[in-house]
Amino acid sequence: MSVPIEKPMLNNNNISAIKNPNSQRQNNRIPIKLIPTLQVDSLPSDKIHMRQQKGYFQRIRTGMNSLLVALFFLLPFISYQGRQAILFNISEQQFIFFGTTLWPQDFTILAWVLIAAAFLLFFATVFWGRVWCGYLCPQTAWTFMFVWIEERIEGSRNKRFALDKAPMSFKKFSKRTSKHLAWGVIALLTGCGFIAYFIPARELYVDILSFDASFWVATWVWFFAICTYLNAGWMREQMCLHCCPYSRFQSVMFDANTKTVTYDATRGESRGPRKRKQATDLGDCVDCNLCVDVCPTGIDIRNGLQYECINCGACVDACNQTMEKFGYKTNLISYTSENGLVDKAVPFYESYKFLGYGIAALIMLSVIGINISNRTAIELNIIRDRQTLYRETLTDEVENSFTLKIRNKTQQARHYQIYVSGNTSYRLAGNSRLLINAGEQLDYPVTVLADLKALESNPSAITFTVSEQHNNNHVTQQSNFFSPL
Ligand code: SF4
Ligand code: SF4
């Protein structure tokens, strides 16, 4: 990842202006001031190589990231009622979640889940800032995993910088090859892990590793593997800086009580190096630069809140380590809010944004609860025979024909019974009991008869009920019964 190096643009006009300031007045130009910029040679490399940091927040981050990665890979292997517990079965248009099957018609529930998740994220962001980015985002988890592998193979940060600068040799070639191979294996497993949510996992891994997968399955696995490799191996913080929309709009959720990683400039400035236990008038920042070295996005948090900061807490741990070495109070860099810095932090329940997002998230969760509780395991659609409205029989009865589209939304075969009811005593001709296999939809033609003399209006309402045998599951739908009245 290249670090852009700003150089002042010099031309004949402004060079002469530096030499002779009076010439500036003559051509009405604003005098320029040369600010020393970083020399290319002073940079260790054009890459960000973060220093590995240990500490309280890094233990939390590593723990949460490890849990996330383990769940990602293991969840598709969990079985429930004899099937993969979580599966987006695209070919059969089903989303199976621990025995509950959602069909395209139920996808409003999924939409509500996504909306609720967004509000929960906003709710957390108002008080805890970018806690998602630092501790739960897959981009962070996979990037740190790839950096960990890089460090195991190529060595510490300084060794990696040295390797970047070193000419190609057998040692450099073998280290680079091993690193990219290791990254490739993780990326391929990640591709499989992702597709395992769409295709039964146990077959997928075997098919991919034995080169027996179908063309499209292999294409998707490799597509996600390449994305992972590029993302976590090469792009890393560029994704957070340039592609992630969340980093751009999160600031609208922030207020003076939002906790972010903050440098206490009042305490730290003026910064400067010193020896341990040396009396000094300087602030507490010893300018060790550790907070910059450990930063995955390569920023200096001492410059204030920046959108590049993913709140990973690495600089907090690094600075605390330095403060302890120098015998200073810790938390020169800490998770604190603007109000917290001046001892005016208010409890979270007094923040209107926090309460607002919390209430919105609760409403969304209630809507999901209501949607799920109203969901039936049977789906019924009634289609009238459009060719003939009604037929009269020789026995003074009127008959109407319908097609019932009944879907068994469960993962087991079920027996159903069809009933008809209304103001008139309707009667079903033919068999009213049927068996539907798991997840199947049956188009079932039925004929309903009614005594012509008993009919009071045209059309008259008729209610169909499809009831599952041996339990209370049933679904009803109304239609019209036509007659010559
Ligand atoms: S500034 Fe600190 S918290 Fe922010 S990304 Fe860099 S190391 Fe992480
Ligand atoms: S780690 Fe702390 S002491 Fe070192 S430069 Fe950063 S803020 Fe200053």
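Predicted model: local features only at pLDDT ≥ 70, side-chain atom pairs only at ≥ 80, totals over all residues.
## Ground rules

Local features need pLDDT of at least 70, side-chain atom pairs count only at pLDDT 80 or more, and totals for chains, interfaces and linings use all residues. Residues are numbered from 1 along each chain as its sequence is written, chains are lettered from A and ligands numbered from 1 in written order, and side-chain values use heavy atoms, without hydrogens and water.

## The largest pocket

The largest pocket holds about 1600 Å³ of space. Its lining counts 44 residues, and Leu68, Phe72, Trp132, Pro138 and Phe194 are the closest to the centre. (On a 1 Å grid over the protein atoms alone, a pocket is an open set of points where a 1.4 Å probe fits, with protein on both sides within 12 Å along at least five of seven lines; lining residues have an atom within 4 Å of a point. The volume is the space filled by probe spheres set on the points.)

By class, 34 lining residues are nonpolar, eight polar and two charged. (Ala, Val, Leu, Ile, Met, Phe, Trp, Tyr, Cys and Pro count as nonpolar; Asp, Glu, Lys and Arg as charged; the others, Gly among them, as polar.) Helix α4 (residues 107–128) gives the most to this lining, with seven residues. (Helices are DSSP runs of H or I with at least four residues, strands runs of E with at least two, numbered from the N terminus.)

## Helix α3

Helix α3 spans residues 56–74. From first C-alpha to last it reaches 27 Å, close to the 27 Å expected at 1.5 Å a residue. (The expected span is 1.5 Å times one less than the number of residues.)

Phe57, Gln58, Arg61, Asn65, Val69 and Phe72 are buried in α3. These buried residues fall within an arc of 95° seen down the axis, so they line one face of the helix. (The arc is that of the directions from the helix axis to the C-beta atoms.) On the other side, Tyr56, Arg59, Leu67 and Leu74 are exposed. (Buried means under 20% relative accessible area, exposed over 50%, partly exposed in between, with a 1.4 Å probe and protein chains only.)

## Helix α6

α6 is mostly covered, with twelve of its 17 residues buried. Among them are Trp142, Phe144 and Glu150. Their cover includes α3, α5, α7, α8, α10 and α11. Glycine 155 follows α6, with a positive phi near 100°.

## Valine 466

Valine 466 sits in strand β15 (residues 460–468). It counts as buried because its relative accessibility is 0%. Its contacts include Ile378, Tyr416 and His474. (Contact means heavy atoms within 4.5 Å.)

Note on methods:
Lists of a residue's contacts leave out its neighbours within four places in sequence.
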